[in-house]
Amino acid sequence: MPQHQLKQPIGPFALTRTLAWLRLCAIAGQSMAVMVCSWWMHIDIPTLSLLLGIDLLAVFAVFAAWRISQPWPVREWEAVCHIVADTLVLSYLLYFTGGARNPFVTLLLVPIALSAAALSVRAILAVAAAAGAAYFVLLLWFVPLPMNELTANDHGFSLHVAGMGVNFGITALLLGFFINRLATAVRQQQQEVQRVRERALRDEGIMAIATQAAGAAHELNTPLSTMRTLLPELRREHAADATLDEDLALLEGQVERCRTILREMVAFGKTQLSQEFERITLSTFIHGCLKRFQLLRPEAELELRVVPQLDQLVLRTPPGLRHALLNLLNNAVDASALRDSNSVTLEVRRDGEWLDWIVSDRGPGFAPTGVRAALGESGKQSGLGIGLALAEATAERLSGELITRNTENGAEMCLRLPLSTIAEGA
């Protein structure tokens, strides 16, 4: 089914799809009614004419099923045309079975009720006008139902009452089921709109942070260059002071580290703009991340679990994946520290067409009010509070997801990414 159609849970396409299912029910019900009246009740109805109308509806049902499978969108006027076609066929069948005197004439109201939940006011008026015109015609022109031994005594009134009862059940079932489906689609659309709004607010915050970071990186380059020039001179001037020389050497190393981070930020930005993927084996990528992580958090005790068969898997690592993984590891170390532990675990495993990056900590876990709602709030009291938000944004950009849950010993964060996105030749 076309993906752009699925993103419209309510509207002309949803109504057309509902009508397709309703049309199949109508074909089955009308065929059964004709057979019961003609063969069991022995009512002399024009069976061939009625079956011809049902066959026409079946042909239109095949066309409608083909139409909704096509990639182009369903317009409102097209949905109205589908309703008018169904109304014409129903009117044709009612014409040969008593017209407006047939208790099933109230089925003309069902399309109006369904269209009211999915179409504009103008389209609803068009549908109502078609149904009203059909009812008016059936009041004036119709073929009366013939009488038989079962209905001759009360002039067909008992048959009419029985038909009203069956019609009531059918109408209640159809309206209850299909309108409930449309209402559920409306609620799903509202929830999706809310999720999109939350993502937009999050992405706006991330963009603001990125803009500030770019400005800060540009401004920091000048003082870092100054310190990089002065520190060697200070070391030469105070070469006799061993303690001061060690401190200056440490400062010089930290300045170089800051310059390296700034260069990586610039390189990451260029890579992000060019959307170029780095092709590297899984083993090399993981050990590169762990080497960087050990420089950032030397106190961490990291346990790595990787299935040997995945070591030579070639990744097309997109920009941001390395930073997302480092953010998860950094958050895990901070969470474990809340329970006087430095232990974290990184497990990489394949689950069908997905590659899972699972980071576990030994912290207090997520708030009991809702693990998913508390994303980014795993009990940490320090940090900027954006690590998990950045990781989640990266997962969504790569068509994946970030799953968080509590475990017996702490919390677990699973960065779940499709192999078709990040693996070479998958």
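**View 1. The buried residues of helix 5.** In this predicted model, helix 5 spans residues 109-116, and its buried residues are V110, P111, L114 and S115.

**View 2. P12 and its contacts.** Let's move to helix 2, residues 12-40, where P12 is found. Which residue lies 106 places from P12 in sequence, yet 6.4 Å from it in space, C-alpha to C-alpha? That residue is A118. Beyond its neighbours within four places in sequence, P12 is in contact with A118 and L119, and also with V74, R75, E76 and A79.

**View 3. The largest nonpolar core.** This core has 38 residues, and the members touching the most others are F285, L355, W357 and L415. At least two residues come from each of these helices: helix 9 (282-296), helix 10 (321-337), helix 11 (387-397) and helix 12 (419-422). Strand 4 (343-351), strand 5 (354-360) and strand 7 (411-418) also supply at least two each. Which element gives the most to this core? Helix 10 does, with eight residues. Apart from this core lies another, of 22 residues, and L15, L19, L114 and A123 are among them.

**View 4. A closer look at F285.** Setting aside neighbours within four places in sequence, you can trace contacts from F285 to I280, L315, T317, L321, R322, L325 and W357. Both F285 and W357 belong to the group of residues touching the most other members of the largest nonpolar core.

Technical notes: Residues are numbered from 1 along each chain as its sequence is written. This is a predicted model: local features need pLDDT of at least 70, side-chain atom pairs count only at pLDDT 80 or more; totals for chains, interfaces and linings use all residues. Side-chain values use heavy atoms; hydrogens and water are left out. A nonpolar core is a set of buried Ala, Val, Leu, Ile, Met, Phe, Trp, Tyr and Cys residues joined through side-chain atoms within 4.5 Å. Buried means under 20% relative accessible area, exposed over 50%, partly exposed in between (1.4 Å probe, protein chains only). Helices (H or I, at least four residues) and strands (E, at least two) are DSSP runs, numbered from the N terminus. Contact means heavy atoms within 4.5 Å.
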